Amino acid sequence: MYLILALVGTLVIAALGYMGGSLTGLRMLFGVVIPYAAIAIFLVGMACRVIGWTLAPVPFRITTTCGQQKSLPWIKAGWLESPYTTLGVIARMALEVLLFRSLFRNTKAELRQGPKLTFGESKFLWLGALAFHWSFLFIFLRHLRFFMDPVPAFVAGMESVDGFFQIGAPVLYVTDLVILAALAYLALRRLLDSQIRYISLFTDYFALFLLLGLAVSGVLMRYFTRVNIVEVKQLAMGLVTFSPVMPPGPAPLFFMHLIFFCALIAYLPFSKLVHMGGVFLSPTRNLANNNRMKRHMNPWNAPVAVHTYQEWEDEFRDKLTACGLPLERQ
Ligand code: HEM
């Protein structure tokens, strides 16, 4: 059911985009109004999420670790697995964000003959996720050529690295092949593996289909149907400089691509894709695990009238002495 809903939602977005690009009267709406609205939803939505996360109380260090915590000097602590300094936290976070280190340790459980539950290594998800995220980042940065004038040198550099594989014209970008292969793997894994299908929700399918729609429409535009890049740049520059213009040319497929982009960023703050920002604000990752080195007091503890052992001993000192019981303080 979720799968069908997500598929229908994606196809409706594609059809709307194509229609918006085909009808002259709707081009301004689809090329200018909707992109601005989507960016506004994205910014406000992300700001609300980030504010929500920063306001969540974190009175204790709840770092997730898989290493020895820093305690006594003669016990060797794991500075990366259980970071107890800010540098350790930064190093672990960097490895997590750039290389998905925790996903590298992903395992799979299978019921084999017997029946016997077996656990094994599973590196394909890590590889697929890494391939997808890195190629997405590369493509995203390469797209800056539409939004910046002059085009920064690093974008031109990325284009030549990405296109090293040139076969004819237009130059074939390796990241286009990688993103399509990675997205196909991630989608097939979700559709064909019954365990994953069982836990998949609408949001899982929808995000995946939007990304697929975005990548496929982009690839079609570049290698098969062609689009007037000069006009696209005119439109993009108009949008970023807040003086929007609507050139007559861009093909309907371009509008489909643009609407997929708008749908993706407007949906992002409300979907699981928000992990993009969430990882940095996750208290299980961004805090040093120094619970045994430092005493952390809950800042909201209400003052409590306590009766210490010392006070109790003083109160009953004569009775304790009379009974011959040992005293802590003579
Ligand atoms: C993060 C969001 C986006 C993704 C993942 C994406 C993805 C892609 C991909 C995979 C291609 C194939 C060629 C290439 O890799 O350059 C492409 C082409 C294209 N994209 Fe995007 N795109 C995004 C956003 C946008 C936006 C906002 C625009 C609006 C200006 C746009 C305009 C284009 C155009 C005009 C092409 C054809 C380029 C050519 O013919 O060389 N894309 N896109």
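Predicted model: local features only at pLDDT ≥ 70, side-chain atom pairs only at ≥ 80, totals over all residues.
View 1. A polar side-chain atom of arginine 145 lies 3.2 Å from an oxygen atom of the ligand. Aspartate 176 also places a polar side-chain atom by a ligand oxygen, here at a distance of 2.5 Å.

**View 2. The shell of residues around the ligand.** The ligand is surrounded by 22 residues, and the closest are Arg142, His143, Asp176, Arg222 and His257. By type, the shell divides into 14 nonpolar, three polar and five charged residues. Helix 10 gives the largest share, five residues. The elements that contribute two or more residues are helix 5 (124–142), helix 6 (144–147), helix 10 (202–225), helix 11 (229–240) and helix 12 (252–267).

View 3. The protein donors of the iron are His143 and His257, each through NE2, and they lie 2.0 Å from the metal. Histidine 257, at 13%, counts as buried.

View 4. Most peptide bonds are trans. The bond between glycine 114 and proline 115 is cis, with omega at about -10°. Proline 115 belongs to the loop between strand 1 (107–112) and strand 2 (116–121). A cis bond also joins aspartate 149 to proline 150, and its omega is about 0°. The loop that holds proline 150 runs between helix 6 and helix 7 (153–162).

**View 5. Two loop residues with positive phi.** Most residues other than glycine have a negative phi. Arginine 226 is not a glycine, yet its phi is positive, at about 70°. This arginine is found in the loop between helix 10 and helix 11. With a relative accessible area of 44%, arginine 226 is partly exposed. Phenylalanine 242, likewise not a glycine, has a positive phi of about 55°. The loop between helix 11 and helix 12 contains phenylalanine 242. Its relative accessibility of 68% is over the 50% cut-off, so phenylalanine 242 counts as exposed.

View 6. A pair of aromatic rings is described by the distance of the centres and the angle of the planes. The model has nine aromatic pairs. In the pair of phenylalanine 104 and tryptophan 126, the centres are 4.7 Å apart and the planes make an angle of 75°, an edge-to-face arrangement. Phenylalanine 104 is part of helix 4 (residues 101–104) and tryptophan 126 of helix 5, so the pair ties together parts 22 residues apart in sequence. Phenylalanine 104 is partly exposed at 36% relative accessibility, whereas tryptophan 126 is buried at 17%.

View 7. Tyrosine 205 and phenylalanine 209 form a stacked pair, with 6.3 Å between the ring centres and 25° between the planes. Both residues lie in helix 10, four residues apart, which is about one turn of the helix. Tyrosine 205 counts as buried, with a relative accessibility of 4%. Phenylalanine 209 counts as buried too, at 11%. One aromatic cluster is made up of Phe202, Phe206 and Tyr267.

Notes: Residues numbered from 1 in each chain as written. Heavy atoms only, no water. Near = heavy atom within 4 Å. Polar contact = N/O pair within 3.5 Å; in protein donor to acceptor, adjacent residues only side chain to side chain. Nonpolar A, V, L, I, M, F, W, Y, C, P; charged D, E, K, R; others polar. Donors = N, O, S within 2.8 Å, 3.2 Å for Na, K, Ca; no water. Buried < 20%, exposed > 50% of the residue type's maximum accessible area, 1.4 Å probe, protein only. Phe/Tyr/Trp six-rings, centres within 6.5 Å; stacked < 30°, edge-to-face > 60°.
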